[in-house]
Every structure is written in structure tokens, then in C-alpha cells.
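Keep the structure open while you read.

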Amino acid sequence: MARRRNNVVALAILVVIFASCARYASAVGGTPHSDFSYKVGDPDGPDKWATLQKDWAICGSGKKQSPIDVAKVEVSKDLGPLEPTYKARAAVVQNRGHDFMLNWTARNGDLSIEGKKYTLLQVHWHAPSEHTVNGTHLDAEMHMVHEESATKSKAVVAVLFSTKAGTPSKLLGDLKPYFERLSGKTNDTEEVKGTVDPSTWIDKASGYYRYEGSLTTPPCTEGVLWTIMSKVEDASKEEVDSIDRVKKSSTQPNARPTQKINSRIIRYYKAGATEAPASAPAPAPAPAPGPT
């Protein structure tokens with residue numbers, strides 16, 4: 001009887017885990033990662049995404065696509081410090097075929113951005129970085145995906161990582177064993193021991209860049225509010241390599257090429273001293289508008 005009860009409990013836990021992964025994947029697009037690739041020139045590569053499915057057309061025709069190159073910025077006095085109210089909760093890591101995703105099994109807090117409250121849904125990683133600074137890629141990029149409950153609009157906080165200093169990241173170091181065990185196991189999940197607290201993942205002493213863009217995977221939905229932290233976090237090469245090892249046989253970059261900025265403006269919030277991303281020159285201020 002005890003064994004049967006334990007089996008029922010274990011099954012219930014698995015149901016919660018898979019339901020959580022499905023719910024949060026659906027909330028941010030839910031496109032199976034087997035349906036596209038990141039290799040330019042492939043039949044299903046990023047230059048062909050717009051042709052693969054009818055509702056992916058905006059991947060090619062959109063005027064506010066992500067990622068972009070952060071080059072010219074405007075210092076904005078209208079922006080303020082980020083206000084997260086994240087909490088430590090149980091979490092699950094999943095191999096989605098092109099990246100590793102971490103999500104929480106219960107609501108774990110919010111982030112207030114420009115008067116709206118966005119709930120943190122999931123976190124995933126790209127290597128190399130998707131956003132560039134003056135044309136320079138960083139070694140990795142973390143996306144913290146949020147959603148506003150009333151409108152379902154998305155807000156993503158991006159944190160860049162550099163291996164230049166060789167200093168390990170506690171964040172990535174804690175998750176590295178899960179990435180390694182899930183390497184090559186598409187759609188497999190593993191529950192994280194203990195709880196995962198994202199409250200320290202956003203450095204409140206950092207400035208940030210803000211612009212309006214899109215999801216960086218199909219269907220490339222626009223209307224996403226992007227916040228790119230200007231302070232770059234340290235990571236070891238081994239930690240970044242573990243992000244790359246989604247497919248066990250080889251490393252596979254999972255970064256969409258940068259998109260045209262068109263008429264968009266990148267606003268910059270300066271917090272204390274100006275932080276320039278490692279291995280990349282600081283973005284230049286935007287030129288003053290000419291007479292009209």
C-alpha cells in the first residue's frame with residue numbers, strides 16, 4: 001500500500017511538472033523547436049523562418065524585430081530603476097531542443113515596468129548572445145520572460161555574460177549540472193533540488209537599454225518590451241559551454257541574427273557610473289535631431 005501511495009505521489013508530481021512546462025511554453029509562443037533551426041542557409045534557418053508557416057510571416061516583414069545591435073542610444077530621464085518582487089520557488093529545467101529553459105512550478109513574483117506589473121514566467125539562455133553591442137557578440141545571454149496578465153503582453157529582461165575575466169557565475173554554476181545531465185535529451189525535464197531564487201539575477205546597480213521588439217523565435221510576435229542590462233555578468237568558459245550543449249554530440253549556437261532597427265529608438269537608463277559591456281565599446285549617444 002505504501003509503495004502504491006508513493007507511486008501515486010510521484011505521478012502527481014510529474015503531472016505538475018509537465019503541466020507547468022507546457023503552460024509557460026504556451027505563454028511565450030510554444031513553437032516546437034524542432035520546427036526551425038538557427039543556421040543561416042538551412043531550409044529551416046532564420047532567413048527562411050517567414051516562409052515556413054503562414055503565421056510566421058512577420059519574421060520577415062516585421063519592422064520591430066529582435067534581436068538588434070545596440071549602437072546609438074538616447075539617455076532617458078523618464079526611465080527608473082527596475083522593481084522586481086521575485087520569490088524563491090520550486091523550479092524545473094527542460095531541454096527544448098535548441099535551448100535550456102527554467103520555469104517555476106508556482107507563481108514566483110513580478111517586475112514593474114513603466115507602470116505595468118509583469119509576472120516572471122520562464123528563463124532561457126542563448127550562446128553566443130543574440131543582442132550585440134556595436135556589432136560585438138558577448139559569450140551568452142539570458143532571457144527572463146515576463147507577461148502582463150490583462151493584455152498578455154510580454155516583457156523580456158536580457159542579461160549578458162562574458163568569459164573574458166574567467167570568473168565563474170554562481171547562477172550558471174548552480175544550473176550547470178542540470179544542463180549537463182539534460183544534454184542531448186530533447187524535451188526531458190529535471191526538477192531542481194531546493195528552490196530557485198531569481199531576485200539576485202538583476203543587478204539593481206546596473207543601467208539598462210530599453211526598446212520595443214519581438215520574440216526572437218518563431219512566430220516572432222512583436223510588441224515585446226525589451227530591457228537589456230548594461231552591466232555584463234561574469235561566467236566561465238565551461239559554464240557557457242554547458243549552455244551550448246543542448247545537443248550532446250556538438251555545440252550548437254542558438255542566436256538569431258540581429259535585425260534592422262528601422263525607426264526605433266533605444267533608450268538608456270543610467271544608474272550610477274556608466275557600465276560598458278565587456279569586450280565591446282560603449283554605445284554612442286544618438287545624434288541630436290536636426291531642425292524641422
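## Ground rules

This is a predicted model, where local features need pLDDT of at least 70, side-chain atom pairs count only at pLDDT 80 or more, and totals for chains, interfaces and linings use all residues. Residues are numbered from 1 along each chain as its sequence is written, and side-chain values use heavy atoms, with hydrogens and water left out.

Helices (H or I, at least four residues) and strands (E, at least two) are DSSP runs, numbered from the N terminus.

## The disulfide

Let's start with the cysteines. The count comes to one disulfide, meaning a pair of cysteine sulfur atoms within 2.5 Å. C59 and C220 form it, with an S to S distance of 2.1 Å. The link of C59 and C220 is right-handed, with 95° about the S-S bond. It ties together distant parts of the chain: C59 sits in helix α3 (residues 58-61), while C220 is in the loop between β13 (208-214) and β14 (222-229), 161 residues apart.

Both C59 and C220 are buried. Here buried means under 20% relative accessible area, exposed over 50%, and partly exposed in between (1.4 Å probe, protein chains only).

S66 is in the loop between α3 and β1 (69-70). Is S66 buried or exposed? With a relative accessible area of 0%, S66 counts as buried. Its side chain makes a polar contact of 2.8 Å with the side chain of Y211. A polar contact is a pair of N or O atoms within 3.5 Å; within protein, one must be able to donate a hydrogen and the other to accept it, and residues adjacent in sequence count only if both atoms are side-chain atoms.

Over in strand β10 (residues 140-148) you'll find E147. E147 is buried too, because its relative accessible area is 12%. The side chains of E147 and K154 are joined by a polar contact of 3.1 Å.

## How the strands pair

Two strands pair if DSSP finds at least two bridges between them. β1, β8 and β9 make an open sheet of three strands in the order β1-β8-β9, with mixed pairing. Its edge strands, β1 and β9 (136-137), each pair on one side only. β1 runs parallel to strand β8 (residues 132-133), over two bridges, and V70 stands opposite V133 in β8.

Elsewhere, strand β3 (residues 83-84) pairs with strand β6 (residues 110-113) in the antiparallel sense over two bridges; the bridge partner of E83 is S112 in β6. β6 is also joined to strand β7 (residues 116-126), antiparallel, by four bridges. In that pairing D110 stands opposite T119 in β7. The hairpin of β6 and β7 has two residues between the strands, and E114 takes a positive phi near 50° there.

## The cavity

How many cavities of 30 Å³ or more does a search of the whole structure find? It finds one. On a 1 Å grid over the protein atoms alone, a cavity is a set of points where a 1.4 Å probe fits but cannot get out, and lining residues have an atom within 4 Å of a point. Grid points are joined across faces, edges and corners, and the volume is the space filled by probe spheres set on the points.

The largest cavity holds about 40 Å³ of space. Its lining is made up of P81, L82, I202, D203, K204, S206, Y208, M229 and Y269. These divide into six nonpolar, one polar and two charged. Ala, Val, Leu, Ile, Met, Phe, Trp, Tyr, Cys and Pro count as nonpolar, Asp, Glu, Lys and Arg as charged, and the others, Gly among them, as polar.

Definitions and conventions:
1 Å grid on protein atoms, 1.4 Å probe; cavity = no way out; pocket = protein on both sides within 12 Å on 5 of 7 lines; lining within 4 Å.
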